[in-house]
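This briefing covers the ligand site, the strand pairing, the backbone and the model confidence. The structure comes first, and the notes follow.

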Amino acid sequence: EGTSEETKIIKSKENKIDVETQYKKERGDSKEHLYMVVIGHVDAGKSTLMGHLLYDLGQVNQKTMHKYEQESRKVGKQSFMYAWVLDETGEERNRGITMDVGRSQFETKSKHVTLLDAPGHKDFIPNMISGAGQADVALLVVDATRGEFETGFDFGGQTREHALLVRSLGVTQLAVAINKLDTVSWSKERFDDISQKLKVFLKQAGFREGDVTFVPCSGLTGQNLVDKPTENELLTWYNGPCLLEVIDNFRTPERPVSKPFRLSINDIFKGTGSGFCVSGRVETGSLNVGERVMVCPSRELSMVKSLYIEDLSQTVVFAGDQATVTLSGIEMQNVSIGNVLCDPQNPVQVSAKFQARIVVFNLTIPITKGFSVILHHQSLVEPAVVSKLISQLNRSTGEVVKKHPRFLSNNTSAIVEIQVSRPIALELYSDCKELGRFMLRVGGVTIAAGLITKIIL
Ligand code: GDP
């Protein structure tokens with residue numbers, strides 16, 4: 001058997017080289033794709049900043065911008081004109097807040113960036129989490145106005161919670177926009193003071209110093225967003241990169257193209273020809289037309305008839321792509337949103353019970369054994385219970401501080417067992433980050449983010 005095991009390893013090594021060669025050949029010439037989430041306290045200026053950046057990069061045409069300017073003036077909220085670039089519905093405009101994870105794209109010198117905008121209002125944290133779950137990197141926006149930074153950072157503000165949250169969802173690189181510096185006359189002292197406070201906190205939250213960059217800017221005036229500064233006072237003490245350069249300097253995470261194929265289905269629809277289509281992000285691996293795939297948790301097999309990215313036909317898709325797959329040899333009603341397409345030779349795990357490391361927040365009552373929750377795992381939404389409280393952990397070091405706690409309160413970290421109402425397709429976080437993390441919600445509020453540490457079969 002030793003030899004057959006060896007052949008298997010050699011084969012998988014050959015395959016690995018093949019996929020990487022194929023990836024370089026197909027994608028070598030195009031820009032690297034980066035997914036970025038924007039986080040920070042409500043009113044920090046996130047929407048204004050990103051709206052202005054998109055406008056400066058030519059992503060919004062003059063006519064549309066003019067319309068936003070007029071409309072915003074009409075309702076007496078002209079300062080929101082750039083924020084409207086990211087808002088979509090009239091209702092959101094009337095309320096003067098951004099509600100959804102709006103997506104936008106822009107280009108830097110070396111990257112194609114997909115923006116996952118995060119609203120700052122307390123109620124909207126769930127939306128931010130779904131954005132952060134797909135993010136490679138994060139932009140943290142803080143308001144430098146006197147008193148405002150302190151509100152967002154010290155007194156129950158969201159600056160800390162958001163930063164902790166993205167870190168627990170696997171984001172390691174952070175750009176920090178010290179925004180609205182126009183309100184403090186571009187004071188170096190204010191910039192240094194805020195950066196220093198954040199540095200200490202971010203280090204505790206688990207960010208490495210070299211992975212965090214601080215940028216002085218103003219989303220409203222557009223200073224230091226896409227061009228070098230022109231403001232005299234800022235020029236006296238800053239000669240670093242503008243925000244766009246900082247984004248360009250992010251390292252693109254490795255796309256795990258040579259891992260086993262996994263795609264979590266977030267849409268199913270009837271195509272034009274025979275068969276039907278599913279779409280979703282390719283989490284790991286690659287998929288070629290003509291290959292067989294397994295649908296989990298049902299473990300039914302199917303054949304890939306065609307592949308698309310947006311409306312363009314492809315012969316192969318890779319990790320990181322948002323792809324559409326036409327399937328044949330399987331009934332459409334046997335496939336559901338939240339199912340995972342995978343390599344039949346190396347399928348995902350299927351189980352209704354697992355252990356996980358979770359971080360708890362937003363709780364109105366403590367979590368006790370048997371606590372009912374809604375599990376969000378990629379596009380899957382499924383009732384579940386917290387069936388065991390195994391240990392409570394120190395949030396920074398991960399050390400066990402208490403075994404078998406009777407309850408978990410806000411801002412604690414713990415190892416728990418989760419029992420889902422039926423088997424689902426899942427992976428250990430250590431094997432596949434993308435399928436190894438999840439969120440728990442109660443009554444429409446997200447109360448925990450977690451990583452799967454043990455699958456109980
Ligand atoms: P969000 O809640 O973080 O998305 O914040 P918004 O982008 O909606 O901005 C909140 C308020 O701050 C609005 O009134 C903006 O006009 C204002 N604002 C945003 N950026 C700046 C800035 O750089 N300077 C100044 N002075 N005001 C800003």
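**Backbone, ligand site and strands of a predicted model**

Asn224 sits in the loop that runs between β6 (212-216) and α9 (232-235); helices (H or I, at least four residues) and strands (E, at least two) are DSSP runs, numbered from the N terminus. This is a predicted model, in which local features need pLDDT of at least 70 and side-chain atom pairs count only at pLDDT 80 or more, while totals for chains, interfaces and linings use all residues. Residues are numbered from 1 along each chain as its sequence is written, and side-chain values use heavy atoms, with hydrogens and water left out.

**Backbone**

- Asn224 has a phi near 65°, a positive value in a residue other than glycine.
- Most residues other than glycine have a negative phi, and most peptide bonds are trans.
- The peptide bond from Cys296 to Pro297 is cis, and its omega is near 15°.
- Pro297 lies in the loop between β11 (292-296) and β12 (300-309).

**Ligand site**

- There are 17 residues around the ligand, and Asp43, Lys46, Ser47, Thr48 and Ser79 come nearest; a residue is near a molecule or strand if one of its heavy atoms lies within 4 Å of it.
- By class, this shell holds four nonpolar, nine polar and four charged residues. Here Ala, Val, Leu, Ile, Met, Phe, Trp, Tyr, Cys and Pro count as nonpolar, Asp, Glu, Lys and Arg as charged, and the others, Gly among them, as polar.
- Helix α2 (residues 46-56) gives the most to the shell, with three residues.
- An N or O atom in the side chain of Lys46 is 2.7 Å from an oxygen atom of the ligand. A polar contact is a pair of N or O atoms within 3.5 Å; within protein, one must be able to donate a hydrogen and the other to accept it, and residues adjacent in sequence count only if both atoms are side-chain atoms.
- A polar backbone atom of Ala44 is 3.2 Å from an oxygen atom of the ligand, and a polar backbone atom of Gly219 is 3.0 Å from an oxygen atom of the ligand.
- The ligand taken alone exposes 580 Å², and the protein buries 87% of that. Accessible areas come from the Shrake-Rupley method with a 1.4 Å probe; for residues, only the protein chains shown count as cover.

**Strand pairing**

- Strands β18 (residues 371-377) and β19 (residues 380-393) run antiparallel and are joined by seven bridges; two strands pair if DSSP finds at least two bridges between them.
- Within this pair, Ile374 stands opposite Pro383 in β19.
- The hairpin of β18 and β19 has two residues between the strands, and Gln378 takes a positive phi near 50° there.
- β19 is also joined to strand β21 (residues 413-426) by eight bridges, antiparallel, with Ile415 in β21 as the bridge partner of Ser391.
- Strand β20 (residues 400-403) pairs with β19 in the antiparallel sense over three bridges, and Val400 in β20 is the bridge partner of Leu393.
- β18 and strand β22 (residues 437-442) run antiparallel, joined by three bridges; Leu440 in β22 is the bridge partner of Leu375.
- β22 pairs in the antiparallel sense with strand β23 (residues 445-456) over six bridges, where Arg437 stands opposite Leu451 in β23.
- β22 and β23 form a hairpin with two residues between them, and Gly443 in the turn has a positive phi of about 55°.

**Confidence**

- The average pLDDT of the chain is 86, and 88% of the residues score at least 70; pLDDT is the predictor's confidence in each residue, from 0 to 100.
- Over residues 89-103 pLDDT stays under 50, and the model has 40 contacts for them beyond four places in sequence; contact means heavy atoms within 4.5 Å.
- Residues 118-124 have a pLDDT below 50, with 26 contacts in the model beyond near neighbours in sequence.
- The model scores ipTM 0.99 and pTM 0.73.
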